[in-house]
Amino acid sequence: MSTRILVIRFSALGDVAMTVPVLRCALQQYPQLELVVVSRAAFKPLFEGLERTQFVSADLKGKHKGLGGIARLSGELTGTGIRVVADLHNVLRSRILGFFLQLRGIRLKRIDKGRSEKKALTRKGAKLLKQLPSSHERYAAVFSKAGFPIDLSASTSEQRFNQPPFLMEEGVNHIGIAPFAQHQEKRYPLEAMEKVIQSLVGEKSNRVYIFGGGKQEVEQAMQWEKAFPGLISLAGKYTLAEELSVMKRLTIMVSMDSANMHLASLVGTRVVSVWGATHRFAGFYGWKQELKDIVETELYCRPCSVFGNKPCYRGDHACMNNIAPEQIIAKIKDQRAFEAVKP
């Protein structure tokens, strides 16, 4: 007999992307399991290709806005035949939605975000510097509460994506760079990143792609594209599905602690990740990425924030400014595989 579980995760892009490998493991390990994922419409491409999975768009700024809208959403979801709710978000909206579904007799299990542990990790004094459970492990724990323990170490087949929207030639190294992040404290200085870019595009065997999304990011990427022949800006030009298809075929990705790290991880691409105010100990490292691919500066004040949304209390942003461009370049060249385009 099949069991249909509702998975709730509204935002943010990186966090939603981190649910996908966990869901894939669950589906492969439990053939009787069916999933209904409710999230923002923009994130639908992340779940395309997952077997036995239905995606429901949450219009949180339109028909599902406010208390009445969430009540309406709960009614729509009840009609999908769900028997259990896995709240992987645990914020006000998801708690209200879960409450409404409970009133309809549906079981509810919520994620433990470990807020007290993360607070101890990021406080100024007497930090408890230890590896906390990853987001993937916390997501899996919700399924375990629902009666479906998941082995995250089990191998999983990757999702298939369409061909890239442009030709990616063979015989060269395709290097993606995602130099932006939502919060300033997670961004490597752009002038320093420019030196990284300049070094990489200087080699004929490299093709370098810039990923980004916001208006300022698009403008910056366009400036670099004009300044460096051989560099291609994808910022603001392609859909999420198209960007994923490009990431799938990259030799390597360079990213901040940001959504692009998780998107590249999702499609099985190796990531050199650059960390500032945040730390992998908080549990947000890329799926099956290797620790040796981290670029960071060890400081007494790190991490000072879980999400990088707090200003540097030292005022010098040393966690990023102390990383030399040469460190990132060396890491890329050391780890990159010279097979060029992946099949």
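Analyst: Rings of Phe, Tyr and Trp count as a pair if their centres lie within 6.5 Å, and planes under 30 degrees apart count as stacked. A pair of aromatic rings is described by the distance of the centres and the angle of the planes. In this predicted model, the count by that rule comes to eight aromatic pairs.

User: How is the pair of F166 and Y209 classed, and which parts does the pair tie together?

Analyst: The ring centres of F166 and Y209 are 5.9 Å apart with their planes at 25 degrees, so this pair is stacked. Because F166 sits in the loop between α5 and β6 while Y209 belongs to strand β7, the pair ties together parts that are 43 residues apart in sequence. Y209 has 2% relative accessibility and therefore counts as buried, and ring pairs link F166, Y209 and Y238 into a cluster.

User: Which residues touch the most other members of the largest nonpolar core?

Analyst: Within that core of 60 residues, I5, L46, F47, F143 and F211 touch the most other members, and α1 gives the most to the core, with nine residues. Leaving aside neighbours within four places in sequence, I5 is in contact with several residues, including L33, V36, V84 and F143. A second, separate core has 34 residues, among them I175, L200, A235 and I332.

User: At what angle do the axes of α8 and α9 cross?

Analyst: The two axes come within 9 Å and cross at roughly 65 degrees, and the crossing of α8 and α9 is right-handed. L240, L244 and M247 of α8 make the contact with N260, L263 and A264 of α9, which by class gives five nonpolar, one polar and no charged residues.

Note on methods: Residues are numbered from 1 along each chain as its sequence is written. This is a predicted model: local features need pLDDT of at least 70, side-chain atom pairs count only at pLDDT 80 or more; totals for chains, interfaces and linings use all residues. Side-chain values use heavy atoms; hydrogens and water are left out. Axes are lines fitted to C-alpha atoms, for helices over the stretch in contact, and angles run from 0 to 180 degrees between N-to-C directions. Helices (H or I, at least four residues) and strands (E, at least two) are DSSP runs, numbered from the N terminus. A crossing is left-handed if the near helix is turned anticlockwise from the far one by less than a right angle, and right-handed if clockwise. Contact means heavy atoms within 4.5 Å. Ala, Val, Leu, Ile, Met, Phe, Trp, Tyr, Cys and Pro count as nonpolar, Asp, Glu, Lys and Arg as charged, and the others, Gly among them, as polar. A nonpolar core is a set of buried Ala, Val, Leu, Ile, Met, Phe, Trp, Tyr and Cys residues joined through side-chain atoms within 4.5 Å. Buried means under 20% relative accessible area, exposed over 50%, partly exposed in between (1.4 Å probe, protein chains only). Rings of Phe, Tyr and Trp (its six-membered ring) pair if their centres lie within 6.5 Å; planes under 30 degrees apart count as stacked, over 60 as edge-to-face and the rest as tilted.
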